Amino acid sequence: MADDDTTSPPAGPTPFEMMGGEARVRSLVDRFYDLMDLEPRFTVLRQVHGTTLDDARDKLFWFLCGWLGGPNHFIERFGHPRLRARHLPFSIGSQERDQWLACMFQAMEDEQVPEPLVSRLQKSFFDTADWMRNRND
């Protein structure tokens, strides 16, 4: 068989790989929830999460691994993420969205997520967080 000169180049690293794998995703998630617990500017967001953040930490870690192109831990445990449906029991308006984004952006900075991944994630996180709002304010 002859060599095929029309093969496409490798797609490049996934965002999961660019992030640095599971350990780095876990570190980002932990920093996100630590900030939520520690910073008064995230009080409204923290109140939405109940008394403990342990369950939320695991679920966001599992979700982000798959969403970034890594292992589908969340889907393996719970099926399709159905993000909006799963968040309907929580009152999410502009303030909660903005605090979630500010907290995540701070966590990405603190964890030194590399560019251009930061810009890409900021856009994706904004689009998703805005779509999650279920309260018009």
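Of the contacts in the chain with a separation of 6 or more, 70% are between residues 24 or more positions apart, where contact means heavy atoms within 4.5 Å. The model is predicted, and local features need pLDDT of at least 70, side-chain atom pairs count only at pLDDT 80 or more, and totals for chains, interfaces and linings use all residues. Residues are numbered from 1 along each chain as its sequence is written, and side-chain values use heavy atoms, with hydrogens and water left out.

**The chain as a whole**
- The chain holds 8 helices and 0 strands, these being DSSP runs numbered from the N terminus (helices: H or I, at least four residues; strands: E, at least two).
- Along its principal axes, the C-alpha trace of the chain spans about 65 × 30 × 30 Å.
- Of the 137 residues in the chain, 36% are buried, with buried meaning under 20% relative accessible area, exposed over 50%, and partly exposed in between (1.4 Å probe, protein chains only).

**Helix H8**
- Helix H8 covers residues 117-132, and because 16 residues at 1.5 Å a residue should span 22 Å, the 22 Å between its end C-alpha atoms agrees with expectation; the expected span is 1.5 Å times one less than the number of residues.
- The residues Leu117, Val118, Leu121, Phe125, Ala129 and Met132 of H8 are buried.
- These residues cover an arc of only 80 degrees around the axis, which puts them on the same side of H8; the arc is that of the directions from the helix axis to the C-beta atoms.
- The buried residues of H8 pack against helix H1 (15-19), helix H4 (54-67), helix H6 (83-87) and helix H7 (94-110).

**The loop between H7 and H8**
- Val113 lies in the loop between H7 and H8, and it counts as buried because its relative accessibility is 8%.
- Although Val113 and Met19 are 94 residues apart in sequence, their C-alpha atoms are 6.4 Å apart in space.
- Not counting residues up to four places away in sequence, Val113 touches Met19, Arg24, Leu28, Met108, Val118 and Leu121.
- Gln112 is found in the loop between H7 and H8, and at 64% relative accessibility it counts as exposed; its phi is near 55 degrees, a positive value in a residue other than glycine.
- Pro116 also lies in the loop between H7 and H8, and the peptide bond from Glu115 to Pro116 is cis, with omega near 0 degrees.

**The loop between H5 and H6**
- Arg82 lies in the loop between helix H5 (73-78) and H6, and at 46% relative accessibility it counts as partly exposed.
- Although Arg82 is not a glycine, it has a positive phi of about 40 degrees.
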